[in-house]
Amino acid sequence: MNYLRSEYPRPQFERENWQNLNGTWDFRFDDDDKGLRERWYMPDSPFPMQINVPFVYECELSGINTREQHDIIWYKRNFDAPSLTPQQHLLLHFGAVDYQTQVFLNGQMVKEHTGGETPFSVDITPFLTEGTTQNLCLRVYDPLTNQEIPRGKQFWKSTPKGIWYTRSSGIWQTVWTEVVNEQRIESLAIKPDLDSGSVEFTVHTKTSSSNTWLKVQIHYQDKLFVETQIKCVGPTLKFSVDIFGSDIFRTGFHGADEYIWSPEYPNLFTVELTLSDINSNLELDSVSSYFGMRKIHTENGIIYLNNKPYYQKLVLDQGYWPRSLLTAPTDDDYRLDISLAKEMGFNGCRKHQKLEDPRFLYWADQLGFLVWEECSSTPLFTTESQIAIFDSWKAVYQRDRNHPCIVAWVPLNESWGVPQIHSNQRQQHWAQALYHLLRSLDDTRLVSSNDGWDQTITDICAIHNYKLGKDADDSEFTQFCETLTSKEALVSQFVSGHPVYAAGFGYRGEPILITECGGIGFANNQNSDWSYLGVSSAAEFLATYRRLISTLRSSQYVQGFCYTQLTDVEQEVNGLLTYERTPKFDLKELRQINAINDLPSQNLT
């Protein structure tokens, strides 16, 4: 099978005229850092190796598959540029390249970017040479031991261990070009408002005159729902569309969820935006997108989805694959992970310490799967690490703001990157700054500010507790049960030696969720034994899992949980699935356990 990742990489802002640059590239290591001095970026400089993009050299599907440390790597390939009219431009896009990237075209540097998870683009039109063949070259610097850059689960030592995995260097998401006009649609923000029954659009355009129209078409279930035209009197257009009208059954109030997005009913509206010249009636640009009518909020210690109490049954998802690490081998692998999780009775995931590919979010939108989104943390707290995290979150919001599946942002996890947050006021201010940044950008989602413990200001009291004990008679399990008997017991406990709230902060009535728990390891013939709690058989696992879930569901003070974890990853064997996505246990039995104490509206379809 040829793994090329050929699907369109940006599903929330899709154009038709594009070219995928995945596939075979020339490649070389630069351990002596001499590539710039020797001008390796010139088209005639040969590279001795080849790599299959978008897979990192540390994985099998790259065709190289070595875990050796190479902090500087180079990529090169030729591609054919399409013929352009004087009004057209060619944009070059990168989904993600880890970590610092210099982009050269035909021997000239055209772009620099820092950040391992966020997309970047450049208009390469001025750098195209005569003829069709163009030479594209990248220099990527990803220092293994640097603990000031966002690393997430990528270990900063040569051998992975415990909860830390193999690093990924260089290109790990799709590279592509697209042809656009000088006058075009630059960005689209979609903000549904369930209470008013409307959706607000903010469209930024690049237009040279007021002689342009924006045509808006909204379809629902393949039928035209709304069509309108708006004259562009400036670069920014802001308008609202009534979705519910005067029909009570469109609101979900009486249980008819036809127009609402949820894990049970993932209803989506598609959007087509067409920018045209008024005088010539010439189409300048066309972009497709979609949205869902979804609301998430908290009230009196309860989380509400679409104005109804909703118990979140999440699974921790690391997003690693055995043959390709951070990059899914195929687009269908994202769909498979979500489908298997839903089949087990989960209604969402915490995407852990990784900003996932937009294609995963697309399938979560399509299939109905809640997502708590994170990006990678830095191990250390420094000014440099703060700037890197700040820049990441700005880009995260801009990339993913339109996805209905995302219901929570998680800027910090277990004090990673803020190790003295309990008493260090600077680190506390940083946690609050991230919280307020995300709340100021986005009032349609919740923010879990430091998921796990030592929380400051937060919308969710998120507690990590793996102290389950070997059986029901274990004193550790007795203590676990005691923490669930009241809100006071939950928020006053110490977890992994940490208090739930940092010094100077405390519980303010936010919903309480156990956002990491379980971690029950069953190796199932794998040569590894790392987990939070080991069992020796599938039957013992299911009994332990039932004990955990039934205990959590019996507490009226816990509003949801996140089980660790969806799959095994390398040496970590606490997955419900193997690393290869083979179920370890009967999925129907897991679903039955996860359905304990469900309300009828929370049974997944």
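Colleague: Which residue in E10 is the bridge partner of Val103?

Modeller: Leu138 is the bridge partner of Val103 in E10. Keep in mind that we are reading a predicted model here. The two residues belong to a pairing of strand E7 (residues 100–105) with strand E10 (residues 133–141), which runs in the antiparallel sense over 6 bridges.

Colleague: In what order do the strands of the open sheet of 6 strands stand?

Modeller: Read across the sheet, the order is E3-E2-E4-E10-E7-E8, and the pairing is antiparallel. At the edges you find strand E3 (49–53) and strand E8 (108–114), each of which pairs on one side only. From one strand to the next, the twist averages 25 degrees.

Colleague: Happy with that one. What is the strand order in the open sheet of 3 strands?

Modeller: That sheet reads E20-E21-E22, again with antiparallel pairing. Strand E20 (296–299) and strand E22 (308–309) each have a single partner strand, so one side of each has no neighbour in the sheet. E20 pairs with strand E21 (residues 302–305) in the antiparallel sense, over 4 bridges.

Colleague: Now the helices. At what angle do H3 and H4 pack?

Modeller: Helix H3 (residues 383–400) and helix H4 (residues 425–441) pack at about 15 degrees, and their axes are 11 Å apart.

Colleague: Which residues make the contact?

Modeller: H3 contributes Thr383, Gln386, Ile389, Phe390, Trp393 and Tyr397, while H4 contributes Arg426, Trp430, Leu434, Leu437, Leu438 and Leu441. Sorted by class, the contact has 9 nonpolar, 2 polar and 1 charged residues.

Colleague: Let's finish with the rings. What describes a pair of aromatic rings?

Modeller: You need two quantities: the distance of the centres and the angle of the planes. There are 38 aromatic pairs in this structure. Take Tyr8 and Trp18 as a worked case: their ring centres are 4.9 Å apart and their planes stand at 85 degrees, so the pair is edge-to-face. The cut-off behind that label is an angle over 60 degrees.

Colleague: And which parts of the chain does the pair of Tyr8 and Trp18 tie together?

Modeller: Tyr8 sits in the segment before strand E1 (18–20) and Trp18 in strand E1 itself, so the pair links parts that are 10 residues apart in sequence.

Terms used. Residues numbered from 1 in each chain as written. Predicted model: local features only at pLDDT ≥ 70, side-chain atom pairs only at ≥ 80, totals over all residues. Heavy atoms only, no water. Pairing = 2+ DSSP bridges. Axes fitted to C-alpha atoms, helices over the stretch in contact; angles between N-to-C directions. Contact = heavy atoms within 4.5 Å. Nonpolar A, V, L, I, M, F, W, Y, C, P; charged D, E, K, R; others polar. Phe/Tyr/Trp six-rings, centres within 6.5 Å; stacked < 30°, edge-to-face > 60°.
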